[in-house]
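Good morning, and thank you for coming. I would like to take you through one protein and its ligand, beginning with the contacts and ending with the domains.

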Amino acid sequence: MKIGITCYPTYGGSGAVATELGIALAARGHEVHFVTYAQPFRLPSFLPRVYFHEVDVGRYPLFEYPPYDLALAVRMHEVVREHQLDVLHCHYAIPHATSAWIARSMLREEGLDVRVVTTLHGTDITIVGQERSFHAITKFSIEKSHAVTAVSEYLRDETYRAFGCVGCNVEVIPNFIDPALYDRQRHRFPIPADVVQGRRVVMHISNFRPVKRVRDVVGTFARINRDVPSLLVMIGDGPERVEAEAEARELGVSEHVMFLGKIDAIAPLLAGADLFLLTSDKESFGLSALEAMASGVPVVGARAGGLPEVVTDGVTGFLCDVGDVEAMARAGSRLLSDRAAWTRVSQAAAADARARFSEATIVGQYEALYERTVREPLALTPVRAMPALTMDDPA
Ligand code: GMT
């Protein structure tokens with residue numbers, strides 16, 4: 001099959017999943033065309049059957065806000081025509097699914113067509129999509145896709161709830177890991193022993209957006225560090241990084257916290273971690289938690305969104321109420337000070353990630369979906385008439 005993939009190419013779970021899906025599809029013999037404004041961060045420079053088409057928005061001075069969604073639609077239209085793509089797979093609803101609908105409308109004017117598959121990742125539904133300015137276009141773009149997937153049951157249900165889509169078929173296809181890559185035996189931990197100084201390694205990876213509650217990561221760590229001497233390794237960057245740095249200073253743990261910034265290859269870092277913290281108040285899936293589990297790192301986090309579908313509380317990690325840093329710290333300290341318990345949870349996490357979220361299984365589910373969609377376009381049942389949500393009434 002010939003598949004176009006559009007995603008946010010910068011750091012973030014949806015871009016990571018989209019890129020790894022494309023790479024895996026190409027390895028299975030499909031032709032994959034990435035259409036986006038920059039080379040996706042996890043995409044190597046050359047792979048057989050993988051192509052990258054850059055979207056150029058231009059710089060006309062009249063445009064205070066250059067219309068990326070239109071430039072993307074034009075590029076999608078061009079790539080589908082030139083390469084006879086069967087499917088355009090959009091990761092993150094807006095603007096990608098909207099641009100795909102425009103591209104498809106242009107193609108249909110010329111007697112051509114393409115199937116549009118949209119994967120919902122999280123904040124496209126739980127935050128951005130529910131803003132007054134974006135609600136109607138998100139709903140429209142979901143309805144106009146031939147097939148829609150969500151990365152967790154939580155996100156599927158949230159889509160139905162927020163957009164009033166009672167009859168449409170949102171299929172859950174979870175995120176996945178490459179078990180050969182996320183294997184703690186395979187890597188050498190890149191942080192030197194004289195930096196670690198025998199401390200246990202606690203890790204957090206995110207884009208440091210408010211939803212991640214990175215102050216809670218530092219707060220949880222500071223409490224763990226009182227019981228078990230530890231080092232907190234913070235990977236990623238974003239608007240709340242300064243808050244996390246300030247929290248570390250206020251709690252007097254700065255010398256035990258390292259901020260590494262954005263890093264592409266996280267598997268070697270996870271291979272040396274003893275505990276992973278994910279304290280978000282909304283997390284549709286938690287790809288970084290899955291990558292940690294696959295690397296044999298127990299996860300301690302907040303019982304929010306789809307994270308309980310990934311982390312089995314008490315078996316592959318521990319989940320506590322959002323914001324309850326005391327409980328998270330107690331769970332973390334217990335794990336780090338009981339070698340037998342740690343080994344049990346670490347092994348259970350690595351095994352469960354392989355059993356439920358292996359690349360081989362999940363990529364097969366996407367392939368089956370494409371085949372079904374191309375053979376017999378899914379007619380999404382029209383969404384029932386519903387009042388527009390307002391920000392004062394998000395229910
Ligand atoms: O906020 C992020 O972590 C980035 C965001 C994205 O779109 O890149 O992540 C969302 O998609 C990931 C991949 O499916 C999920 O693992 C994350 O849970 C989800 N983030 C949120 O729901 C906050």
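Let me begin with Lys212: a side-chain N or O atom of this residue is 2.8 Å from an oxygen atom of the ligand. Such a polar contact is a pair of N or O atoms within 3.5 Å. His121 places a polar side-chain atom 2.6 Å from a ligand oxygen atom, and for the side chain of Asn175 the N or O atom lies 2.9 Å from a ligand oxygen atom. The protein covers 95% of the 470 Å² of accessible area that the ligand has on its own, by the Shrake-Rupley method with a 1.4 Å probe.

A word on the basis of these values. This is a predicted model, in which local features need pLDDT of at least 70 and side-chain atom pairs count only at pLDDT 80 or more, while totals for chains, interfaces and linings use all residues. Residues are numbered from 1 along each chain as its sequence is written, and side-chain values use heavy atoms, with hydrogens and water left out.

Which residues come nearest to the ligand? Of the 18 around it, they are Ser14, His121, Lys212, Glu283 and Ser284, where being near requires a heavy atom within 4 Å.

Finally, the domains. The assignment, automatic or from a database, gives domain 1 (2-176 + 358-375) and domain 2 (184-356). Their centres, taken over C-alpha atoms, are separated by 30 Å. The contact (heavy atoms within 4.5 Å) takes 21 residues from domain 1 and 19 residues from domain 2. Because both domains give residues to the shell around the ligand, the ligand lies between them.

Conventions: Polar contact = N/O pair within 3.5 Å; in protein donor to acceptor, adjacent residues only side chain to side chain.
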